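I opened the model today and kept short notes. They follow the order in which I looked things up.

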Amino acid sequence: MKRKILVIGIGAGNPEHLTIQAVAAMNRASVFFIPDKGTTKEQLARVRKEICERFIRASSWRMVEFDVPPRQKAARGYRGAVADWRDDVASVYERLLMEELAGEQWGAFLVRGDPSLYNGTTRILERLRARRRFELDYEVIPGISSVQALAARHKVPLNTIGRSVLITTGRKLAERFPDGADSVVVMLDGDRALRSADGDLDVFWGAYVGMPEEVLVAGKLREVIDDIERLREAARAKHGWIMETCLLRREAGE
Ligand SMILES: C[S@@+](CC[C@H](N)C(=O)[O-])C[C@H]1O[C@@H](n2cnc3c(N)ncnc32)[C@H](O)[C@@H]1O
């Protein structure tokens with residue numbers, strides 16, 4: 001039996017980010033696989049459930065929650081640890097797809113933001129294909145990424161005229177500001193890097209963008225870094241988790 005999966009981008013946290021294509025795809029799916037992931041799980045599972053209840057018109061669908069295996073920090077360095085972790089996750093997906101899908105049913109993974117940005121779902125599905133335990137077909141539906149949501153909330157384009165945009169992680173930015181970059185988007189562990197970045201940069205920062213908890217700050221980095229750190233700590237203490245993204249850029253001279 002062929003297993004069929006929809007990888008659906010659901011936007012950055014506001015249910016209204018869902019595209020019409022995503023809603024149509026959700027209405028084709030019978031089984032929704034919902035990851036249960038550490039401290040952010042309640043809020044993230046809540047958004048996914050709200051989206052399902054609000055947009056699915058089909059009469060029969062169900063959710064299957066599953067535990068995401070923990071990432072081992074140990075021996076093989078960051079890339080090795082991620083590769084090992086993806087293998088563990090692939091084994092969990094393999095079991096889910098074998099046990100939970102019947103006949104012509106489509107399964108769905110609801111991916112935060114867009115599946116193409118810092119999300120491993122398609123890589124894991126490719127791993128499953130390579131294992132050849134069953135035939136697997138999947139489709140990817142794009143979503144509004146946190147990067148787009150951030151730019152919209154700050155009402156700024158990501159690029160300056162005719163220049164490039166680089167998307168990176170806080171971990172990478174902490175090593176050095178990318179050579180020759182004008183506009184840099186920082187995702188994942190952004191809290192590591194901002195304090196040490198050049199204070200002359202303009203920053204457009206957002207946490208929980210699109211969600212009721214949203215916080216936005218913009219300005220010259222040296223003038224707003226204290227505000228960002230204070231708001232970040234207060235929000236983390238209040239909600240127990242945080243997701244933040246920012247755009248950094250050199251003065252455009254436009
Ligand atoms: C694992 S990545 C997933 C990115 C996602 N696929 C996307 O397209 O936005 C998680 C990171 O996305 C960013 N992020 C996701 N949702 C966010 C939100 N609502 N507000 C701010 N940043 C967000 C944060 O940088 C977070 O650490």
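**Entry 1: strand β8**

I began with strand β8 (residues 202–207), where 6 of the 6 residues are buried, so the strand is largely enclosed by the rest of the structure. Buried means under 20% relative accessible area, exposed means over 50%, and partly exposed is in between (1.4 Å probe, protein chains only). Strands are DSSP runs of E with at least two residues, helices are runs of H or I with at least four, and both are numbered from the N terminus.

I noted that this is a predicted model, in which local features need pLDDT of at least 70 and side-chain atom pairs count only at pLDDT 80 or more, while totals for chains, interfaces and linings use all residues. Residues are numbered from 1 along each chain as its sequence is written, and side-chain values use heavy atoms, with hydrogens and water left out.

Which residues cover the two sides of β8? I found D202, F204 and G206 buried on one side, and V203, W205 and A207 buried on the other.

Next I checked its partners. Two strands pair if DSSP finds at least two bridges between them. β8 pairs with strand β9 (residues 215–220) in the antiparallel sense, over 6 bridges. There, W205 stands opposite V217. β8 also pairs with strand β10 (residues 244–249), antiparallel over 6 bridges. In that pairing A207 faces E244.

**Entry 2: the open sheet**

I traced an open sheet of 5 strands in the order β3-β2-β4-β1-β5, with parallel pairing. Its edge strands are β3 and β5 (136–141), and each pairs on one side only. Inside this sheet I looked up β1 (residues 3–9) and β4 (residues 106–111), which pair in the parallel sense over 6 bridges. I5 stands opposite G107 in β4.

**Entry 3: aromatic rings**

How many aromatic pairs does a search of the whole structure find? I got 6. Rings of Phe, Tyr and Trp (its six-membered ring) pair if their centres lie within 6.5 Å; planes under 30 degrees apart count as stacked, over 60 as edge-to-face and the rest as tilted.

I picked F32 and W61: their ring centres are 5.7 Å apart and their planes are at 80°, so the pair is edge-to-face. F32 sits in strand β2 (residues 31–36) and W61 in the loop between α2 (41–55) and β3 (62–67), 29 residues apart, so this pair links distant parts of the chain. F32 is buried at 0% relative accessible area, whereas W61 is partly exposed at 25%.

I also listed one aromatic cluster, formed by F33, F66, Y93 and F109.
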